[in-house]
Amino acid sequence: MKLVVTGAQGQLAREIIRISKAKGCIVIAPDEKELDITDFKVVSRTVSEVRPDIVINCAAYNDVDKVEADWQTAFLVNGIGVKNIALSCNENNAILVHFSTDYVFDGLKGQPYTIADKPNPINRYGESKLLGEELVKNHSERYFLIRTSWVFGEGRFSFPKKVIEWAFQNKKLRIVDDQISSPSYTHDLATAVIDLIQTGNYGFYHITNAGFCSKYTWAELILKTIKWDGEIEPAKSKEFASPAKRPGFSALDNFPLKETVGYLLPSWQDATERFLNRGYKADR
């Protein structure tokens with residue numbers, strides 16, 4: 001297969017590129033300067049010249065707080081840019097793979113959200129990602145639309161990286177316990193995405209590591225694994241001023257992943273420990 005991967009510097013994109021190459025795929029991964037997905041002419045020309053079998057869109061504006069003020073840019077990248085890719089894929093008989101987020105939900109359901117649940121975002125970021133979902137469904141002929149949550153891996157903005165950096169700087173940490181979702185390890189997620197593509201079973205999926213936790217519980221496991229000797233306390237979201245609201249409980253139900261690829265991802269605990277034991281360094 002020949003793939004184009006957008007947002008090539010992101011943590012999920014880097015893992016998709018690595019796994020795809022290991023499986024013998026030809027991967028073209030232009031940076032943002034080479035491929036601005038908000039420019040339809042550039043996207044159309046790139047896809048026409050490369051003639052990929054699949055375009056995997058990992059490009060996104062995902063600074064949740066910044067999006068509250070800069071929502072137009074987010075709507076361009078997370079919405080219009082997605083439509084540009086969808087139309088270009090249609091023109092060149094390519095498959096689109098696009099990622100969305102648990103933040104399209106308000107977090108009030110109290111149990112994991114299924115692909116049948118109606119979205120109701122409570123921040124501008126969620127609105128922008130929901131727009132992208134709608135444009136994929138409206139304009140793409142063959143697609144995999146995948147919601148995921150709390151993605152972590154080797155990259156600058158990974159939650160484990162942040163927690164470890166905070167731990168290096170402080171002997172006491174306060175982490176929110178009223179935001180609950182499912183961590184998703186890039187290695188496991190990318191593997192499942194490649195396997196899903198190979199089924200040819202197009203459509204709408206949720207893919208996360210199994211189970212769910214609060215950010216406090218997740219941080220506890222991270223700090224225990226690295227044998228940090230400080231103190232961690234639970235806190236509430238309202239104690240930390242932030243422009244964007246976060247859903248309280250936004251874990252995703254992974255049906256019908258097992259029914260399609262034959263397995264579910266390992267637990268978030270297993271994924272976190274494997275990531276940390278893989279030789280993670282805080283300065284990555």
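**Helix 8 and its surroundings**

I will start with helix 8: its buried residues (buried meaning under 20% relative accessible area with a 1.4 Å probe, protein chains only) pack against strand 6 (151–152), helix 6 (159–169), strand 7 (172–176), strand 11 (213–214), strand 12 (231–235) and helix 10 (268–277). Contact here means heavy atoms within 4.5 Å. Helices are DSSP runs of H or I with at least four residues, strands are E runs of at least two, and both are numbered from the N terminus.

This is a predicted model, in which local features need pLDDT of at least 70 and side-chain atom pairs count only at pLDDT 80 or more, while totals for chains, interfaces and linings use all residues. Residues are numbered from 1 along each chain as its sequence is written, and side-chain values use heavy atoms, without hydrogens and water.

Which residues of helix 8 are buried? Within residues 215–225, they are Lys 215, Tyr 216, Trp 218, Ala 219, Leu 221, Ile 222 and Leu 223. After helix 8 comes Lys 227, with a positive phi near 60°.

Now the whole protein. There are ten helices and twelve strands. The radius of gyration, taken over C-alpha atoms, is 18 Å, close to the 19 Å from the globule rule for 284 residues, so the protein is as compact as a globular protein of that length. That rule is 2.2 Å times the number of residues to the power 0.38. The C-alpha trace spans about 55 × 40 × 40 Å along its principal axes.

Of the 284 residues, 53% count as buried. Among contacts with a separation of 6 or more, 82% come from residues 24 or more positions apart.

Conventions
Buried means under 20% relative accessible area, exposed over 50%, partly exposed in between (1.4 Å probe, protein chains only).
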